[in-house]
Amino acid sequence: MTDTSASLGPLELSNGSWVVGDSGKDHWVQFRRDGLYQHEPGSEGQPIPWSRIMLGMNLTMGGKYPARGSNGFGGLLGGLPGPWRGHGSGYLHMTLRHPYENWIARFDRHPRHYPGAHLVFLQLLTTQVIDAGQAHLLGDPEWLGRVVARLAPQRPRGWRGMREAVTRAVEAEA
């Protein structure tokens with residue numbers, strides 16, 4: 001059972017934990033108390049402890065490495081009404097330590113539209129929490145739920161306003 005009343009782009013509450021991507025499809029990433037868990041067909045999945053994630057988290061839609069910005073052509077199509085809605089993938093990009101490596105986690109899109117503000121909020125939130133050395137908070141479903149509930153209805157203008165909104169939401173739950 002998925003609750004989409006509180007979501008932040010591809011991040012949603014599903015069966016008591018927060019996941020990035022459509023957990024009813026093949027590829028999705030689960031935020032657990034002990035770290036990220038990459039779900040893929042034909043594999044046992046890949047756990048990544050929160051302590052290994054460094055330098056924030058980037059989000060791309062439609063392509064692993066789009067030519068410009070964070071959206072590839074498929075990412076733009078997947079958000080439009082019509083036959084392409086919900087098709088395509090997104091990716092979480094991270095740098096891991098011990099050993100150092102760049103790691104990319106793929107997730108499948110939901111059929112719903114992801115507001116641009118939500119995509120920016122998600123990237124800013126994960127990066128801010130990781131950079132503060134508190135990545136483990138992303139695995140706390142109650143904490144993350146309260147932060148998402150604060151951010152989801154907001155529509156600030158500009159990068160500065162978005163960063164400030166994320167900072168206020170995180171500080172309110174400290």
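Predicted model: local features only at pLDDT ≥ 70, side-chain atom pairs only at ≥ 80, totals over all residues.
Me: How many aromatic pairs does a search of the whole structure find?
Reply: The search covers the whole structure. The number of aromatic pairs found is one.

Me: Which geometry, stacked, tilted or edge-to-face, describes the rings of Phe31 and Trp50?
Reply: The ring centres of Phe31 and Trp50 lie 5.6 Å apart, and pairing requires centres within 6.5 Å. Their planes stand at 90°, and planes over 60 degrees apart count as edge-to-face. The pair is therefore edge-to-face.

Me: How many residues apart are Phe31 and Trp50?
Reply: Phe31 belongs to strand β4 (residues 28-32), whereas Trp50 is in the loop between β6 (46-49) and β7 (53-61). The pair thus links distant parts of the chain, and the two positions are 19 residues apart.

Me: Which side chain makes a polar contact with that of His110?
Reply: His110 is placed in the loop between β9 (101-108) and α2 (116-131). Because its relative accessibility is 3%, His110 counts as buried. At 2.7 Å, its side chain contacts that of Tyr114.

Me: Which residue caps the N-terminal end of α3?
Reply: Helix α3 spans residues 141-151, and its buried residues include Pro141, Trp143 and Leu144. A side-chain oxygen lies 3.1 Å from the backbone nitrogen of Glu142. The capping residue that supplies this oxygen is Asp140.

Technical notes:
Residues numbered from 1 in each chain as written. Heavy atoms only, no water. Phe/Tyr/Trp six-rings, centres within 6.5 Å; stacked < 30°, edge-to-face > 60°. Helix = DSSP H or I, 4+ residues; strand = E, 2+ residues; numbered from the N terminus. Buried < 20%, exposed > 50% of the residue type's maximum accessible area, 1.4 Å probe, protein only. Polar contact = N/O pair within 3.5 Å; in protein donor to acceptor, adjacent residues only side chain to side chain.
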